[in-house]
Amino acid sequence: MIPYHRSFTYIRTCISFSPSHTAMSYATLSVKDITSLLSRSGSSSSSSPKTPGQTRPVKVIPLQHPDTSNDARPPSIQFDDYFSRWTAKIKRMSLLDWVDTLFPCFRWIRTYRWNDYFKLDLMAGVTVGIMLVPQAMSYAKLAGLPPIYGLYSSFVPIFVYAIFGSSRQLAIGPVALVSLLVSNALGDIADSSEEELHIELAILLALLVGILECIMGLLRLGWLIRFISHSVISGFTSASAIVIGLSQVKYFLGYTIARSSKIVPLVESIIAGADKFQWPPFLMGSLILVILQVMKHVGKAKKELQFLRAAAPLTGIVLGTTIAKVFHPPSISLVGEIPQGLPTFSFPRSFDHAKTLLPTSALITGVAILESVGIAKALAAKNRYELDSNSELFGLGIANILGSLFSAYPATGSFSRSAVNNESEAKTGLSGLITGIIIGCSLLFLTPVFKYIPQCALAAIVISAVSGLVDYNEAFFLWRVDKRDFSLWTITSTTTLFFGIEIGVLVGVGFSLAFVIHESANPHIAVLGRLPGTTVYRNIKQYPEAYTYNGIVIVRIDSPIYFANISYIKDRLREYEVAVDKYTTRGPEVERISFVILEMSPVTHIDSSAVEALKELYQEYKAREIQLAISNPNKDVHMTIARSGMVELVGKEWYFVRVHDAVQVCLTYVQSCNSEDKKEPSFLRRFGNNGSSNNNSSYTDLQPGNTLLKEALLSGEK
């Protein structure tokens, strides 16, 4: 490709004056002649002030067109560039780099400072462990599993993640949203009385989630989730939190309610069983819930008391267990016997339901990417170390795969525990190992005590945890800032509440993608005007002081041009021929638009369909005696246009480096048309523009003896 020259060419404009009238004459000046003037530009620019009859230099930047011969390198393909960078990176990697990639824990092991870090990691690990033990059992109950499986899911995955995970502060284990998804998926397959089948399916689900996470991490497909709007995630999470809270109310009320992920059946069953209401579990659960909320808010508000936030779940469990042990209230149900000991190795017995569980597996994987990886990246930025999201996703996948071999159900990053871990100043993954040790000690020595834990205490922990997920502040913010995002939030939360989790996610993602497609197919297009006293052209709606020129429309396309949006762009361009604001125009009065200038600097890509459509548009313009000009296409766009033959079709002289250069040329023709007697029926035909040119073509094929005028400013703007 021929390089773009940034040199300036000075073109002399000759104006002859007579007593009776002012006459402008024009001479043919080829591109080759323009280039030859470079050697004289210095003397021209340094000449004395010009008087009428003398020449005046004007800066023009020539646009060099790319070489489209067979030997020229074709436009680069983004995938090829990405693959080349990836293979080059692999070749540069040393053995140490490979070890760090496969086992991210070695990055902090090599630089670990025992005197500075160990005490902080120890305190953080103990704090999160104390918080995790009661939460894990609560979330297992939410998932419809025995409490022990919450502890199993907090044991092996934590150790595995400490080795393969990239984040040094992320705390993984059972979380409320994933537990609800597990409960909903298992409830559609097996009856609640089939406990063994529930457990087997939950473990199989962890294996499937781990496999999907590993595949997406290895193929670096985490970017796919970027198409889901944050407002969709916020609406889905808020609605899910309400469903989770209502599903736990049964332990407060003292009677069974319907098992559903929809709000209507839950509310109906709560109302229908009101005659079975019992005061003791309600009072105990409400008391524990109030204590949890107070401790959580005090811990957040005062840094010196932040340990209260982590100790709140354990405090609730101890208080509830003490009351149950001392008073033995018969109406308060207890957790019951919990197996003692560490989980044993086992492989899923059957894969018969794997196909049925795949949608839920994909949904949980999406939650892992959006929540866990998002939290991990935020913590990495806050603690000033690098984190690769795809490597993080792979680490979560390995943790779930190996965890499923030791009776764990799906685990992912917890926002609340990760926040506590970071606030406790955890420095490395050693804090996770310490948390895992605490879980192991609980499995070995404390399970006999757990049988006295009241169910309402576990429910209070769940409700306290999910209360912060109802993000009503986000809804108010979206209402103020962007009504479209607010509508996404409302649609997603409403459908999730009334039609279930799967329908809510599908509808939310569908609307999110629809908005993305709509934005892509209907890009922003602006009519540009010149800012007074400058050669800068900006959107006339954003800058009301900007003015346009009669007979010239300057349009900027603010997106790639491809098959999905070219029709919209063509329609808008046709509108601009008649919809230009006449009150902001300057220059000679003309009856209609004669030039359309496309500012293409924001256009990052153009495909073959768009090029063909632009050719058709050019032919339409030509039939209506309108000349198309193109300004500042980037390298790849310019090459695509050149290879399609559009450069020769429009004429090389109608491609410009700057919008201002294009306006100068077009304004020259408008001025000449306005000043000369209109002897020719066609304005453009008078200048000999037949829609094609060759390498030696001039800016205009005018009659001999004329001079090309390229003025930077109108006479009234000097």
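The protein has 29 helices and 14 strands, where helices (H or I, at least four residues) and strands (E, at least two) are DSSP runs numbered from the N terminus. The model is predicted, so that local features need pLDDT of at least 70 and side-chain atom pairs count only at pLDDT 80 or more, while totals for chains, interfaces and linings use all residues. Residues are numbered from 1 along each chain as its sequence is written, and side-chain values use heavy atoms, with hydrogens and water left out.

Of the 718 residues of the protein, 50% count as buried, a term that means under 20% relative accessible area, with exposed meaning over 50% and partly exposed lying in between (1.4 Å probe, protein chains only). The protein exposes about 34000 Å², of which carbon and sulfur atoms supply 61%; accessible areas come from the Shrake-Rupley method with a 1.4 Å probe, and for residues only the protein chains shown count as cover. Among contacts (heavy atoms within 4.5 Å) between residues at least 6 apart in sequence, 81% join residues at least 24 apart.

The second largest pocket holds about 820 Å³ of space. Of the 23 residues that line this pocket, the closest to its centre are Lys 89, Met 93, Thr 101, Arg 220 and Asp 388. The elements that give two or more residues to the lining are α3 (78–92), α4 (95–102), α10 (195–218) and α17 (389–404), and α3 gives the most, with six residues. By class, the lining has nine nonpolar, five polar and nine charged residues, where Ala, Val, Leu, Ile, Met, Phe, Trp, Tyr, Cys and Pro count as nonpolar, Asp, Glu, Lys and Arg as charged, and the others, Gly among them, as polar. A pocket is an open set of points on a 1 Å grid over the protein atoms alone, where a 1.4 Å probe fits, with protein on both sides within 12 Å along at least five of seven lines, and lining residues have an atom within 4 Å of a point. Grid points are joined across faces, edges and corners, and a volume is the space filled by probe spheres set on the points.

Side chains of opposite charge can pair when their charged atoms come close. With a salt bridge defined as a side-chain nitrogen of Lys or Arg within 4 Å of a carboxyl oxygen of Asp or Glu, the count comes to 14 salt bridges. In one of them, Glu 519 pairs with Arg 484, the closest N and O atoms being 3.1 Å apart; this pair links distant parts of the chain, Glu 519 lying in helix α23 (residues 501–521) and Arg 484 in helix α22 (residues 483–499), 35 residues apart. Glu 519 is partly exposed, with a relative accessible area of 44%, and Arg 484 also counts as partly exposed, at 30%.

Lys 570 and Glu 616 meet in a salt bridge (3.5 Å, N to O), which joins helix α24 (residues 566–576) to helix α25 (residues 608–623) across 46 residues; Lys 570 is buried at 11% relative accessibility, whereas Glu 616 is partly exposed at 45%. Arg 572 and Glu 575 form another salt bridge (3.6 Å, N to O), both within helix α24 and three residues apart, about one turn of the helix.
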